[in-house]
Amino acid sequence: MIKNNKSKKKRGYSLLEAVIALSLIAICFGMAMTAVVSSFKVRRRVMNTKYFIAETSNYLECYKMHGSADFKKNVDLYLGAGDSMFVFSQSDDGIVYVIYYDGDYNKLPRDKADDAMFVMYVVIEKSFTAYVKEAASKRDVYYLRDPYVSRFDM
């Protein structure tokens with residue numbers, strides 16, 4: 001008489017099948033987390049760029065009013081920079097101003113410069129140029145491509 005093989009059939013999953021399934025789940029989870037983290041980085045980079053475009057535009061408007069002669073006065077009057085904007089270097093050709101920002105885009109005074117996340121440089125040399133760098137990595141966040149020349153400085 002022939003024995004029926006159906007009665008001895010194993011039920012459930014083997015250890016190898018469980019390990020393979022968990023490995024596939026881990027790989028999929030890792031890929032999803034990488035996509036989420038990189039999208040947060042890109043979003044933050046875009047937010048930084050948008051903010052500093054607007055900030056550069058504000059400083060540019062102060063320059064457009066009366067050129068380099070009254071730039072600092074206009075910034076103090078209209079943007080309330082106070083002690084957060086100071087002269088980084090000065091020569092006969094022009095002035096470089098520096099503004100420090102924390103991670104929430106708040107302007108920092110000179111004594112808190114070590115806590116800065118971003119550094120904005122405004123260069124006034126008979127024209128207006130601005131660029132922003134990350135404080136730690138010195139990587140560019142935003143820069144004004146072409147210098148702007150005011151009618152007062154022509």
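Because the model is predicted, local features need pLDDT of at least 70 and side-chain atom pairs count only at pLDDT 80 or more, while totals for chains, interfaces and linings use all residues. Residues are numbered from 1 along each chain as its sequence is written, and side-chain values use heavy atoms, with hydrogens and water left out.

Confidence comes first. The protein has a mean pLDDT (the predictor's confidence in each residue, from 0 to 100) of 89, with 94% of its residues at 70 or more. Among the elements (DSSP runs numbered from the N terminus, with helices being H or I of at least four residues and strands E of at least two), strand β1, residues 85–90, sits lowest with a mean of 86. Strand β5, residues 128–134, has the highest mean, 95.

Now the helices. Helix α1 spans residues 15–66 and helix α2 residues 71–79; their axes come within 9 Å and cross at roughly 130°. Axes here are lines fitted to C-alpha atoms, for helices over the stretch in contact, and angles run from 0 to 180 degrees between N-to-C directions. The two helices are therefore oblique to each other; angles under 35 degrees count as roughly parallel, over 145 as roughly antiparallel, 65 to 115 as roughly perpendicular and the rest as oblique. On the α1 side, N58, Y59, C62, Y63, M65 and H66 meet F71, N74, V75, Y78 and L79 of α2, contact meaning heavy atoms within 4.5 Å. Sorted by type, these contact residues are eight nonpolar, three polar and no charged, where Ala, Val, Leu, Ile, Met, Phe, Trp, Tyr, Cys and Pro count as nonpolar, Asp, Glu, Lys and Arg as charged, and the others, Gly among them, as polar.

That leaves the strands, which pair if DSSP finds at least two bridges between them. Strand β2, residues 95–101, runs antiparallel to β1 and is joined to β1 by five bridges. V87 has Y97 in β2 as its bridge partner, and a hairpin links β1 to β2 through four residues.

Strand β4, residues 118–124, pairs with β5 over seven bridges, again antiparallel. I124 is partnered by F128 in β5, and in the three-residue turn of this hairpin K126 has a positive phi of about 60°. β5 also runs antiparallel to strand β6, residues 140–143, through three bridges. There V132 is bridged to Y142, and K133 stands opposite D140. Five residues separate the strands of the β5 and β6 hairpin, where K138 takes a positive phi near 60°.
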